[in-house]
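Okay, thanks for coming, everyone. Let me put the model up and we'll talk through a couple of spots in it.

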Amino acid sequence: GQRVTAISLVRIRRSRGSPCGAAREACRELDLSLSGLDPVPLSKMGTHLLASLGIKGKNRNSLACLRNAGSHFAIAYMKLPAFPKAACVRIDGPCGPSTGFRCATHFGRNGGAARVRSPKVSKAPPGLPAARAVGAISAMYELAVTTSHVPAQSDMETREITIGALLREVAAARPEAEALVEVRQDGTEGRRWTYAELLKDAERLAMALSTRFAPGERVVIWSPNSPEWVLMEYACALSGLVLVTANPAFQARELAYVLEQSRAVALFLVEKFRGNPMGQIGAEVAASIPSVREVTDMESVAFYTEGYRPIALPDVAPGDAAMIQYTSGTTGFPKGAVLSHRGLVNKARFYAGRCGATSATTWVNIMPMFHTSGCGMVTLGCLQAGCRMVLISLFDPDVVLDQLEASGADIILGVPTMVV
């Protein structure tokens, strides 16, 4: 929650001398030019700067990470007893966990100039250049790596197959095997699907989507865990659409960012989840984004509505994009990672294999479907093995423990906060 309340930024051009020299020049100009500018929100990296400078109590330091005309800066604002000082360091790229250390290295403790140190003797292996002086911003060693000393594994086959083709393959091999069991938000068991039924419903939805969207278009799913989420994942794969995942805890600003940044044309959601009025938020946000032409409640009949385009499922290639999943945004704006059919299928297969999943396995899925663990590692991992997946709609420890016992579960994937 800290904020910088006074900063004057001197732009340091990338072409102007060394980073250290440019930083010193900027600091000389900054010392007496602190004026009341609008507060600048701080990156969480500020905690690293505080720790590395050893400042406690009221004499707290703050850190802002800024980008200006292609250059990145770390601005240290030192709230010292006598007068505040600001220090500016240009860094090679966006701020990261080591930004605070970089500032401390340059400017020492309590805001004073860093002690000049002689370059340390490198302990680099023979043939490598010596390490740079302490405080240098660039890489420790100048390396030109051309040979891998850890060869690629040759005992793990990479399959060239799409998600939709894999679903058809498993449904043909194990049509009557149970594929999906719903556990409702109240903890009771709901609907069930065999692999043949799952393929049938996924193809029905895929054909409906093909009449409303062109292959390659991007659609956002904003929903908690549900069978409709699973059907949407398979239907998008079959119809050549790119599924964009969104956290059901998002608020308007976060949802708008994902819709706009992914260039989505549709939003699939539920009316509400855990007190979040998703239907209302989704409608308001979508109305402000011209590219979004459809908002659909996944629990309504509109889910399977047909549009004006002819029904046609396209040929989808393993290298085609299947999903866009966003990073958490802890240290900056969330970044969308484009995931291919090939990557998702093989990652899930390798993971399921390491877990020992077989066609006789029961796998309880407690992970959120908007995350790669829920929709990728577990959902597609179960598909790889042709086994049963018990999908928990709302994580509750008591419900999960009951399901583990009732279903005779063999595998469960969870994060420490879930399982401890």
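So, how many aromatic pairs does the count come to? Five, where rings of Phe, Tyr and Trp (its six-membered ring) pair if their centres lie within 6.5 Å, with planes under 30 degrees apart called stacked, over 60 edge-to-face and the rest tilted. Quick housekeeping: this is a predicted model, with local features needing pLDDT of at least 70, side-chain atom pairs counting only at pLDDT 80 or more, and totals for chains, interfaces and linings using all residues. Residues are numbered from 1 along each chain as its sequence is written, and side-chain values use heavy atoms, with hydrogens and water left out.

One of those pairs is F268 with F303, edge-to-face at 6.1 Å centre to centre and 70 degrees between the planes. F268 sits in strand 10 (residues 266-269), while F303 is in the loop between strand 11 (294-297) and strand 12 (321-326), 35 residues apart. Strands here are DSSP E runs of at least two residues, helices H or I runs of at least four, numbered from the N terminus.

F303 also pairs with Y304: centres 5.3 Å apart, planes at 75 degrees, so edge-to-face again. Buried means under 20% relative accessible area, exposed over 50%, partly exposed in between (1.4 Å probe, protein chains only). So F268 is buried at 0%, F303 is buried at 1%, and Y304 is partly exposed at 22%.
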